[in-house]
Amino acid sequence: MSRTALIENVTAMMRDAGFLVSERCAIRPKSFDVAARRGEELVLLKVLGNVDAFDAATGQEMRRLGEYLSATPMVVGMRTRDEELKPEVVYFRHGVPALHPDTAFDLFVEDVPPLIYAAPGGLYVNIDGDLLAETREREDLSLGKLASELGVSRRTVSKYEDGMNASIDVAVKLEEVFDRPFTAPMDVMDGAEAVRDAEPTPEAPEADPDDEHVVGLLTRAGFTVHPTTRAPFNSVSEDEERRGRDGAKLLTGHSAFTPSAEKRARIMSSLGEVTRTRSVYFVEEGAKRESVKGTALVSCEELADTNDPEAVRELIRERAAEPGEA
């Protein structure tokens, strides 16, 4: 299956599951392909035939965007270089959960989260440690006796009861000993933070030198600006006076107003509708109108002519579509 067909299939699946799905980010650079929202669930999806093509820089960007936009970054793919991805298993690439399309279908359409995740050394599951401890004590089974049944140490059993995850073989033996499962579903929509890479999300990159004056103007207007390197927009900015509310966040682009910039502005509008943000494109020259499908067009000259932060906010509010209404 071609990557284009795979993206179309995944997009259709998300719509069938009740998600509002953005226009495909068919421009470069692009750290993700589509954004999808259902209620308060927001997902940034990268769709690949081979998930090994998902590199560290893209993973870092998606994790940062997940924090800025309160979204779950996720990869959907078919295989690695060596094998097909297994259904019902969560893999990880640079701290981002990666799923086979069948696993994504179970999660989003059937509302059945996966139980298994892949990590160095094999396949593992989350163990409900409290339930295990309660059941073992109720059955009057000592740590040593259970350890002997499982073929592990007493210390390892104690760690399972404290919340350490277990291999599938151990999970199966536990079920055989107590005649009940102890596995807990993976919380993929929270990024599976309990088992993914423990490293903190990398710091944001410095702004492109060509964007420094726009960043400076936004900063003086009361926005916190997070530059991006591989997104369909130059930065995600947050209005500190409206922090925590819809419309407080802003997707921004910046260049001369070329056909490519107009296409980018349309995509930003679609993304803004899904992510509940406003979008604005700062243009050096060439724009003869005030918006593109809900993305505000503001000339850098207009920004430079005012030192009033509220005037800058009002200019953006006047021209940009309300969040969710692009």
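Predicted model: local features only at pLDDT ≥ 70, side-chain atom pairs only at ≥ 80, totals over all residues.
Side-chain values use heavy atoms, with hydrogens and water left out.

The secondary structure comes to 11 helices and 16 strands, where helices (H or I, at least four residues) and strands (E, at least two) are DSSP runs numbered from the N terminus. The C-alpha trace spans about 75 × 40 × 30 Å along its principal axes. Of the 326 residues, 50% are buried, a word that means under 20% relative accessible area, with exposed standing for over 50% and partly exposed for what lies in between (1.4 Å probe, protein chains only). Among the contacts with a separation of 6 or more, 61% join residues 24 or more positions apart, a contact being heavy atoms within 4.5 Å.

Six strands form an open sheet of mixed pairing, in the order 11-12-13-14-16-15; two strands pair if DSSP finds at least two bridges between them. Its edge strands, each pairing on one side only, are strand 11 (223–227) and strand 15 (291–292). Strand 15 pairs with strand 16 (residues 295–299) in the antiparallel sense, over two bridges. Helix 11 (residues 309–319) packs on this sheet, touching strand 11, strand 12 (235–239), strand 13 (249–255), strand 14 (278–283), strand 15 and strand 16, and its direction makes about 135° with that of strand 16; such angles run from 0 to 180 degrees between N-to-C directions, the axes being lines fitted to C-alpha atoms, for helices over the stretch in contact.

Elsewhere in the chain, helix 2 (residues 56–69) contains Gly66. Helix 2 has 14 residues and reaches 20 Å from its first C-alpha to its last, close to the 20 Å expected at 1.5 Å a residue, the expected span being 1.5 Å times one less than the number of residues. Gly66 itself is buried, with a relative accessible area of 8%, and, leaving aside neighbours within four places in sequence, Gly66 is in contact with Leu44, Ala71 and Pro73. Helix 2 is followed by Ser70, whose phi is positive, near 55°.

Thr80 lies in the loop between strand 4 (72–79) and strand 5 (89–93), and counts as buried at 10% relative accessibility. Not counting residues up to four places away in sequence, Thr80 touches Asn50, Val51, Asp52, Leu85 and Arg93.

The structure also holds four aromatic pairs, for which the rings of Phe, Tyr and Trp (its six-membered ring) must have centres within 6.5 Å, with planes under 30 degrees apart counted as stacked, over 60 as edge-to-face and the rest as tilted. Phe178 and Phe182 form an edge-to-face pair, 5.5 Å centre to centre and with 75° between the planes. Phe178 is buried at 13% relative accessible area, and Phe182 is buried at 3%. Arg180 lies over the face of Phe182, at 5.6 Å from the ring centre; a charge sits over a ring if NZ of Lys or CZ of Arg is within 6 Å of the ring centre and within 35 degrees of the ring normal. Phe92, Tyr117 and Tyr124 form one aromatic cluster.

Definitions and conventions: Residues numbered from 1 in each chain as written.
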